[in-house]
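Dear colleague,

I am passing on the structure we spoke of, and I would be glad if you could look through it with the notes below at hand.

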Amino acid sequence: MKYSDRKPFMRVSEASSLLDAGKITPVDLVEMAIEATNAQENEINAYITFIPDQALEEARLTTEEIRQHGRKSMLHGIPYAVKDLIDVKGLPTTMGSKGMENNIPACDAATVAHLRAAGAILMGKTNTQEWGVGPAGDQSFYGPVHNPWDTDRISGGSSSGSCAAVATGMVPISLGSDGGGSIRIPASLCSVVGLKTTYKRVNTAGSNTTRVRFASHLSVQGPIASTSEDAAIMMDVIDPEHFGYFKVVKAIDSLAGKRFVVPYNLFKDAIEPGVGDVFEQNLRVLSKQNAVIIEEDIPWLADIPALSSSITFPEAAYKHRNRLEKSPESYQPFIRARLETGFGYSAIQYIEAMERREEAIERFEAYMVDKDAILMPTLPITAYPLFETEMDFLGEKKNCSELLVKHTRTANVIGCPALSVPGGFSSGLPVGLMLMGAVGADAKLLALGHLFEQARDK
């Protein structure tokens with residue numbers, strides 16, 4: 001199926017209004033999700049566990065519940081999917097790994113519990129890079145997730161299935177996690193919206209982040225959607241402590257005067273030309289809305305991404321050490337090699353990285369006091385062919401994984417929110433625009449993303 005033949009799912013905001021008006025039912029929405037999945041799953045491989053019968057039964061019960069008592073949230077009756085690093089009671093949490101199909105949690109993760117309480121309807125658990133280790137999305141025991149725009153190319157990872165499911169209209173929203181770009185990378189490559197939330201803003205209990213500790217000081221959970229507005233609706237459910245995301249998105253109605261920093265020193269000479277062209281087009285869109293574009297180098301930010309490796313890999317190796325020793329064959333070679341990298345770091349290197357992280361957080365907060373967001377291309381490249389590990393990049397051989405995380409890791413080290421929104425296309429492949437905001441400014445970032453999307457589509 002060509003991408004031009006695919007149809008995105010109805011936006012949550014639209015579906016919610018139709019549900020309120022009684023013009024559609026949760027059964028209608030779930031049947032739409034099943035139809036879209038059945039038509040495309042064989043070529044995309046977005047799901048590890050798909051539960052259409054269970055979802056339909058829940059939709060029937062939800063339809064009657066709404067008829068009798070009304071709707072209890074904007075997600076009541078809305079289908080969604082969950083990355084298979086995050087627990088759902090009674091369903092396998094495989095983490096994309098061999099031998100984990102019988103790992104059946106007894107409780108929902110905190111975010112899933114919130115979604116269940118809000119009345120959202122689960123369609124299944126989405127495919128993920130094994131243990132969430134790696135940014136390509138083509139290293140799962142259950143097979144690679146294929147890019148919806150070109151199925152011979154990567155979808156990005158590790159929230160690969162979650163982004164592909166939204167991009168193909170299998171669901172309107174999904175839940176992902178991000179420890180170095182794992183929401184934003186596939187969001188950019190699949191042309192959907194993905195929010196890496198402020199560190200510790202969303203409760204990650206019941207996920208790979210807390211139970212397996214891959215990048216436990218860097219990882220977060222966040223929404224994936226077709227629009228920033230829908231992502232805000234989802235944030236109101238998974239982060240009830242800071243309820244009001246959707247209200248903020250509706251309240252901020254202009255980009256005029258908003259201050260965006262463009263730190264060309266971090267990317268200008270190291271991106272594909274087509275990606276650079278799309279980024280400049282995005283800047284023109286913002287300028288036409290009277291946003292203030294500040295071209296300003298941020299030299300000290302250039303050193304921050306390297307801290308990610310010194311934190312991520314030692315933490316992951318520590319948690320996986322027993323399993324790696326007892327059953328190394330249960331890991332795919334690429335995944336095992338990345339995890340074993342962590343054993344090469346000393347305690348001094350890890351502690352130094354954590355101290356420098358704290359210094360960077362303070363410096364970033366001071367820098368962002370009078371700015372609304374930092375703008376960069378989400379990735380320096382577009383989707384490349386499946387299973388490649390090296391590529392020709394601007395005349396040099398480069399490691400593919402390192403290119404994918406080059407721009408995204410900074411936000412994980414800082415702990416700030418970062419939003420990837422679809423920015424356009426280069427040679428028919430999606431390019432994302434990334435906005436990084438001050439710590440805690442998640443709602444504001446979604447509002448800016450929403451306004452950009454409106455201006456882009458005019």
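A residue is called buried here if its relative accessible area is under 20%. Please keep in mind throughout that this is a predicted model. By that cut-off Phe-279, at 2% relative accessibility, counts as buried, and Phe-267, which also has a relative accessible area of 2%, is buried too.

A search for aromatic pairs across the whole structure gives seven. One of them joins Trp-131 and Tyr-331, whose ring centres are 6.3 Å apart and whose planes make an angle of 35 degrees, a tilted arrangement. Because Trp-131 belongs to the loop between β3 (121-126) and β4 (146-147), while Tyr-331 belongs to the loop between α11 (304-326) and α12 (333-341), this pair ties together parts that are 200 residues apart in sequence. Trp-131 is buried, at 4% relative accessibility, and Tyr-331 is buried with a relative accessible area of 3%.

The two phenylalanines named above also form a pair: the centres of the rings of Phe-267 and Phe-279 lie 5.1 Å apart with the planes at 80 degrees, so the pair is edge-to-face. Phe-267 is in the loop between β9 (259-262) and α10 (273-288) and Phe-279 is in helix α10 itself, so what is tied together here is 12 residues apart in sequence. Elsewhere, Tyr-3, Trp-149 and Phe-425 make up one aromatic cluster.

Lys-268 lies over the face of Tyr-264, 4.9 Å from the ring centre, and the charged end of Arg-357 sits over the ring of Tyr-199, at 5.3 Å from its centre.

As for the helices, α4 (residues 110-117) has Ala-110, Thr-111, Val-112 and Leu-115 as its buried residues, and the elements that cover them include β2 (79-83), β6 (173-178), β8 (220-225) and α8 (228-238). After α4 comes Gly-119, which has a positive phi, near 90 degrees.

Helix α16 (residues 442-456) has 15 residues, which at 1.5 Å a residue should span 21 Å, and the C-alpha atoms at its ends are 21 Å apart, so the two values agree. This helix is mostly covered, with 12 of its 15 residues buried; among them are Asp-442, His-450 and Glu-453, as well as Leu-445, Leu-446, Leu-448, Leu-451 and Phe-452.

With best wishes

Definitions and conventions: Residues are numbered from 1 along each chain as its sequence is written. This is a predicted model: local features need pLDDT of at least 70, side-chain atom pairs count only at pLDDT 80 or more; totals for chains, interfaces and linings use all residues. Side-chain values use heavy atoms; hydrogens and water are left out. Helices (H or I, at least four residues) and strands (E, at least two) are DSSP runs, numbered from the N terminus. The expected span of a helix is 1.5 Å times one less than its number of residues. Buried means under 20% relative accessible area, exposed over 50%, partly exposed in between (1.4 Å probe, protein chains only). Rings of Phe, Tyr and Trp (its six-membered ring) pair if their centres lie within 6.5 Å; planes under 30 degrees apart count as stacked, over 60 as edge-to-face and the rest as tilted. A charge sits over a ring if NZ of Lys or CZ of Arg is within 6 Å of the ring centre and within 35 degrees of the ring normal. Contact means heavy atoms within 4.5 Å.
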